[in-house]
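Colleague: I have not worked with this structure before. Please take me through it in questions and answers.

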Amino acid sequence: MQESNTFNVKRRQLLKLSGALAGGIALAGLNRSALANAASGNTPFTTPTADNPIRINFNENPLGMSPKAQAAARDAVAKANRYAKDEIVTLRSKLASLHQVPESAILLTAGSSEGIRAAIEAYATLGTQLVIPELTYGDGEHFARIAGMKITKVPMLAGWQFDIDGLKQAVASYSGPSLVYLVNPNNPTATITPADLIEPWIAAKPANTMFIVDEAYAEFVNDPRFRSVNPLVSQGADNVILLKTFSKIFAMAGMRVGYAVAQPAIVAHLSNHVAGEKINFCGVDAALASLDDHAFITYSKKSNDTSRQILLDALIALKISYLPSEGNFVFHQLSVPLKEFQQHMKQAGVLIGRAFPPADAWCRISLGTPQEMTFVAKTLHEFRAKGWV
């Protein structure tokens, strides 16, 4: 009875918050009915099954693109027999204004993955090493291996934090060029590395060193210790490449729109390693609409914050250790094997993250809508009674 009462309270809180969010959207001029599949407590919720699961395994935004972005993408289909040349110029210009850099400092890419690959290839000269934390997003290492680069992994500190001093040592002790790949907030941990640890290192300009800073999840951050490296670029730093994506806060993962921000000479070098800025028309127009849809950006952030707290409340109640999350996912510890936990969750209608060695006793759960996370929280409580978590 106590557990039922707890979840009834959670539901009332969710309904109240969802109504406030939807009201804010309506005041901002968005079509409320178009958000029927978003995180509204008034939206009918269908209990998931193994055949129709909640998909919280790939850090996707569960809301879907904003109604304005969806409309822009639909309208773009009618003109998609043409190349989006003018629209690409407009998008580059809008991004340059946003980041306070010249247009020549922006390179559009097919998601951030193409930006990672281009940056790796562009600096994969003979003898260059890639320096990375041992637990981080895998694309940097993947593309470095393809390029035949030496890969230097630095062990993590307690709490799966980046060892910045260890990374510095890996660069300082190497006789050749270094490429440092930092994901902030990190994936799969969802933790941030404070700017006070990153900025002085970049500003010190270690010899023959280029920094790639991947900020895919930056828009979800609440921790004031985080700062984007964008001001360093806009102030002239010529040893850093900032990577951004429309996949997360804007919910455009399947549209594949990303970009790099760096000094014009660096961007010119990177451009030799992409297939031109040939982004699809629907993606370009959706990105343009998304940038102007400030109400949806606010809604997306608030929905994510709500979903995170619902999951964290459950983990706290169950005394399950987790890392402080600043992304749209949470990394928590397990007392049972991950494969076993994944299978039980799948049977309950929930898909969760894969294994991330060396954190073999940890699990990454992406954040769904508040309603979905209420179901996940309830499922975790049920699993505890069965000894499955």
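Modeller: One term comes up throughout: buried means under 20% relative accessible area, exposed means over 50%, and partly exposed lies in between. The model is a predicted one.

Colleague: Is cysteine 282 buried or exposed?

Modeller: The cut-off for buried is under 20% relative accessible area. Cysteine 282 has a relative accessible area of 17%, so cysteine 282 is buried.

Colleague: Is cysteine 363 buried or exposed?

Modeller: The same cut-off applies, under 20%. Cysteine 363 has a relative accessibility of 0%, so cysteine 363 counts as buried.

Colleague: How many disulfides does the count come to?

Modeller: A disulfide is a covalent bond between the sulfur atoms of two cysteines. For the count, a pair of cysteine sulfur atoms has to lie within 2.5 Å. By this rule the number of disulfides is zero.

Colleague: What part of the protein do buried residues make up?

Modeller: The protein has 13 helices and 11 strands. Of the contacts with a separation of 6 or more, 77% are between residues 24 or more positions apart. Among the 389 residues, the buried share is 57%.

Colleague: Which residues of helix α12 are buried, and why are they said to be on the same side?

Modeller: Helix α12 covers residues 338–347, and its buried residues are Leu338, Phe341, His344 and Met345. Around the axis they cover an arc of only 130°, so they sit on the same side of α12.

Colleague: Which exposed residues are on the face of α12 turned away from its buried side?

Modeller: The cover over the buried residues of α12 includes β9 (329–333), β10 (350–351), β11 (362–366) and α13 (370–386). Facing away from that buried side are the exposed residues Lys339 and Gln347.

Colleague: Which glycine with a positive phi follows α12?

Modeller: Helix α12 runs over residues 338–347. The glycine that follows α12 has a phi near 95°, and this residue is glycine 349.

Colleague: Where is tryptophan 160, and what is its phi?

Modeller: Tryptophan 160 is placed in the loop between β4 and α6. With a relative accessible area of 17%, tryptophan 160 is buried. Although tryptophan 160 is not a glycine, its phi is positive, at about 55°.

Colleague: Is glutamine 161 buried, exposed or partly exposed?

Modeller: Glutamine 161 belongs to the loop between β4 (150–154) and α6 (164–172). Apart from neighbours within four places in sequence, glutamine 161 has contacts with Met156, Thr191 and Ile192. Its relative accessibility is 24%, so glutamine 161 counts as partly exposed.

Colleague: What separates the C-alpha atoms of glutamate 199 and arginine 227?

Modeller: Glutamate 199 is in helix α7 (residues 195–203), and at 19% relative accessible area glutamate 199 is buried. Leaving out neighbours within four places in sequence, glutamate 199 is in contact with Arg227, Ser228 and Leu232. Glutamate 199 and arginine 227 are 28 residues apart along the chain, and their C-alpha atoms are separated by 9.0 Å.

Colleague: Is asparagine 208 buried or exposed?

Modeller: Asparagine 208 is in the loop between α7 and β6 (209–214). Phi of asparagine 208 is positive, near 55°, in a residue other than glycine. With 55% relative accessibility, asparagine 208 counts as exposed.

Colleague: Which residue does a cis peptide bond join to asparagine 187?

Modeller: The residue in question is found in the loop between β5 (178–183) and α7. Omega of the cis bond is about 25°, and the partner of asparagine 187 is proline 188.

Colleague: What is omega for the cis peptide bond between proline 357 and proline 358?

Modeller: Proline 358 lies in the loop between β10 and β11. The cis peptide bond joining proline 357 and proline 358 has an omega of about 5°.

Colleague: How many nonpolar, polar and charged residues are in the lining of the largest cavity?

Modeller: Searching the whole structure gives one cavity of 30 Å³ or more, and the space in the largest cavity is about 70 Å³. Its lining includes Glu60, Phe220, Asn328 and Gly368. By class, the lining has four nonpolar, seven polar and one charged residues.

Notes
Residues numbered from 1 in each chain as written. Predicted model: local features only at pLDDT ≥ 70, side-chain atom pairs only at ≥ 80, totals over all residues. Heavy atoms only, no water. Buried < 20%, exposed > 50% of the residue type's maximum accessible area, 1.4 Å probe, protein only. Helix = DSSP H or I, 4+ residues; strand = E, 2+ residues; numbered from the N terminus. Arc of directions from axis to C-beta. Contact = heavy atoms within 4.5 Å. 1 Å grid on protein atoms, 1.4 Å probe; cavity = no way out; pocket = protein on both sides within 12 Å on 5 of 7 lines; lining within 4 Å. Points joined across faces, edges and corners; volume = space filled by probe spheres on them. Nonpolar A, V, L, I, M, F, W, Y, C, P; charged D, E, K, R; others polar.
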